[in-house]
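Hello,

Here is the structure I promised to pass on. Have a look at it first, and then read my notes below.

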Amino acid sequence: MIQFASRLVERLRLGRRTVVGIPTVWLWVFFAIPFLILLRLSVTDMGEQLNPFAPLLTHTEGGGWKLNLKLSHFVSLFVDASGHWGDTLYIEAYLLSLKYAFWTTFFCLVLGYPFAYFMARASATARPILLMMVMLPFWTSFLLRVYAWKGILADQGVVNNALMAMGLIQEPIQMLYTDISMLVGMTYVYLPFMVLPLYANLVKLDIRLLEAAHDLGASPWKAFWLVTVPLSRSGIVAGSMLVFIPCLGEFVIPSLLGGAENIMIGRVVWDEMFSSNNWPRASALAVMMILCVVIPLAWYNAKVARQAEEERT
Amino acid sequence: MTTPVPEKTGFLRIENLFKRFDSVLAVDDVSLDIGKGEIFALLGSSGCGKSTLLRMLAGFETPSSGQIFLGEQDISKMAPYERPINMMFQSYALFPHLTVWENIAFGLRRMGMQNDAMADRVEAMLELVQLQNFASRKPHQLSGGQQQRVALARSLARKPQLLLLDEPLGALDKKLREKTQFELVNIIESIGVTCVMVTHDQEEAMTMASRIAVMSHGRILQLGSPTEIYEAPNCRFVADFIGNINLFDGHLRHADASRSEIETPQGYFTLGHGSSQPHGMAMSLAVRPEKIRIDKLPPEAGSAGSANVVQGVVSEIAYMGSYSTYVVKLSDDSVIKVTQTNRSRNHEGDIVWGDRVYCFWDTQAGVLLTA
């Protein structure tokens with residue numbers, strides 16, 4: 001009986017199918033299907049009942065079929081009520097999200113690269129400790145950590161008090177609810193996502209390549225730019241994506257540390273969904289955002305794959 | 001392939017160089033004097049300090065004490081990127097993200113060379129190593145032999161005053177290695193660059209270098225031409241490290257200006273050269289396997305080859321094609337190795353396993369070593 005079962009398992013290649021199957025099912029259930037639902041919602045004509053699930057196909061009295069597709073939700077993202085292009089609240093929020101995501105990625109890279117570099121060069125005994133320190137913040141609740149920044153950056157917070165005590169400033173500097181607090185918070189939260197892929201990449205770098213560069217007349221600084229940086233490109237790209245993409249839709253940090261002006265796209269989607277009850281428009285916004293991320297990503301992947309293909313031949 | 005030792009020395013001078021890593025003395029009081037245009041080999045097993053010495057020449061390690069002069073200049077404290085020295089790395093260390101052309105141009109760009117001059121130089125280097133058609137390839141698209149040539153071209157592109165080779169042929173398979181040895185020497189000699197190489201392969205050192213320094217535990221044990229090192233080793237370590245050798249341990253029984261005699265458990269042997277050591281001193285007689293003749297019949301008494309004879313039983317035969325190695329067990333259970341060229345294709349009268357044989361050598365065949 002057991003023999004039969006094991007043969008059956010082998011026959012159906014159950015082991016391999018399970019290993020590949022679980023993530024596939026996972027992705028379908030938690031990404032593809034919700035995305036399709038969003039897509040379907042984004043083109044719903046809600047009608048007078050304001051029903052976000054109004055049927056897309058309806059019977060007409062004449063016995064035919066009528067397709068109720070409404071693309072105006074997408075259009076309204078770009079065109080305001082008076083017919084002006086490109087001047088809507090949504091575009092503003094998109095651009096602002098791009099801006100914050102870009103600067104967060106930039107600061108994470110500037111702070112994370114040297115850290116990852118020296119971590120990779122540290123002695124074998126120090127590395128696990130440093131790695132542990134990178135991971136340590138994950139042991140505390142994300143919310144708590146973001147909240148803590150309020151206490152640090154507030155007008156009566158740690159930073160302002162310290163600066164005033166030292167006599168460097170007379171009045172507290174407004175940091176909370178500004179770009180400063182937004183970027184500080186986001187950079188802080190996303191830094192480990194930059195450091196870890198960079199570290200994984202840099203730790204593999206062959207030291208002899210740097211020696212070869214020195215041998216050929218490159219100063220340490222030149223060798224860094226001409227050898228280390230180009231060879232860690234895949235780590236830079238991976239880290240930047242891991243920071244940029246979630247930053248773009250970040251919701252919690254702007255709500256806790258951002259002010260009234262720091263409206264990112266996540267917040268706008270929330271408002272459309274729960275304040276305006278305009279589910280189709282919220283869905284259209286979300287779909288646009290996903291496309292904004294997926295299309296450049298797909299383009300980049302295709303480019304890398306093409307390059308690899310060219311080099312192989 | 002051995003070239004005569006150049007007359008002019010003093011181009012690269014290493015004076016009382018030490019390198020200490022924590023408690024380990026990696027390089028222990030090394031002094032060397034290398035001539036312009038010479039190919040010099042540092043030979044030793046791994047951990048003998050030869051690589052550390054090479055890395056100090058390149059500038060990757062700073063000496064704990066001592067000095068290195070190149071020409072008239074003291075370079076011991078200079079940064080690697082300021083030295084007029086280039087190195088061909090073990091397993092090459094080619095930049096994987098750059099093409100062959102860019103790899104060779106890397107060092108030239110750092111010199112601030114004009115684009116036209118640089119292109120000419122890179123083309124010339126590609127021609128030198130015959131890789132003109134591979135200029136736009138990446139290193140991983142090349143075979144091991146081609147990568148080795150790129151590495152050579154890259155290290156020669158800046159016209160270094162001193163070329164360092166770190167196990168230059170270590171990453172190649174045997175057949176390719178033999179071919180490349182000669183190519184490499186030809187290229188280096190055609191350019192006339194002074195060259196210091198590090199290797200653990202005695203054959204490589206002997207075919208390529210004009211002089212060899214045998215190193216062990218951070219010290220230079222013997223310095224000399226390949227012939228000197230092979231035929232006249234100055235200690236047991238060198239004798240044993242270079243090629244195969246039979247050692248007979250015993251005591252000096254007689255020594256005058258032209259003759260010495262040594263008594264060993266295997267017999268009483270005479271040598272045609274004198275020894276300044278005192279009578280009764282513990283010494284070893286070292287005889288290379290190919291200097292010993294082997295026969296089933298005893299040698300004619302009084303013939304030149306019969307000065308030293310031992311008897312034994314053949315316990316192993318390794319047939320190598322061009323020659324055979326016989327392992328002969330002597331009466332006191334010690335073994336010696338004898339090699340003999342296989343001159344005849346007819347193997348009828350050959351010595352076979354278990355044969356009782358005579359091994360003999362003349363008075364010039366061996367050297368005396370202090371034990």
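Predicted model: local features only at pLDDT ≥ 70, side-chain atom pairs only at ≥ 80, totals over all residues.

Residues are numbered from 1 along each chain as its sequence is written, and chains are lettered from A and ligands numbered from 1 in the order in which they are written.

Let's start with B:Leu126, which sits in helix H3 of chain B, residues 115-128. (Helices are DSSP runs of H or I with at least four residues, strands are runs of E with at least two, and both are numbered from the N terminus.) Is B:Leu126 buried or exposed? B:Leu126 is buried because it has 21 C-beta neighbours inside 10 Å. (Buried means 20 or more other C-beta atoms within 10 Å of the residue's own, exposed means 12 or fewer, and partly exposed is in between; C-beta atoms are placed from the backbone.) Beyond its neighbours within four places in sequence, B:Leu126 is in contact with B:Ile104, B:Leu131, B:Gln132, B:Ala135 and B:Ala153 (contact: C-beta atoms, placed from the backbone, within 7 Å).

Now for the strands. In chain B, S11 (residues 246-255) pairs with S12 (residues 260-264) in the antiparallel sense over four bridges; pairing needs at least two bridges found by DSSP. A hairpin of four residues links S11(B) to S12(B), and B:His251 stands opposite B:Glu263. S12(B) also pairs with S13 (residues 267-271) of chain B, antiparallel over five bridges, and a hairpin through two residues joins them. Here B:Glu263 stands opposite B:Tyr268.

Happy exploring!

Notes. Contact = placed C-beta atoms within 7 Å.
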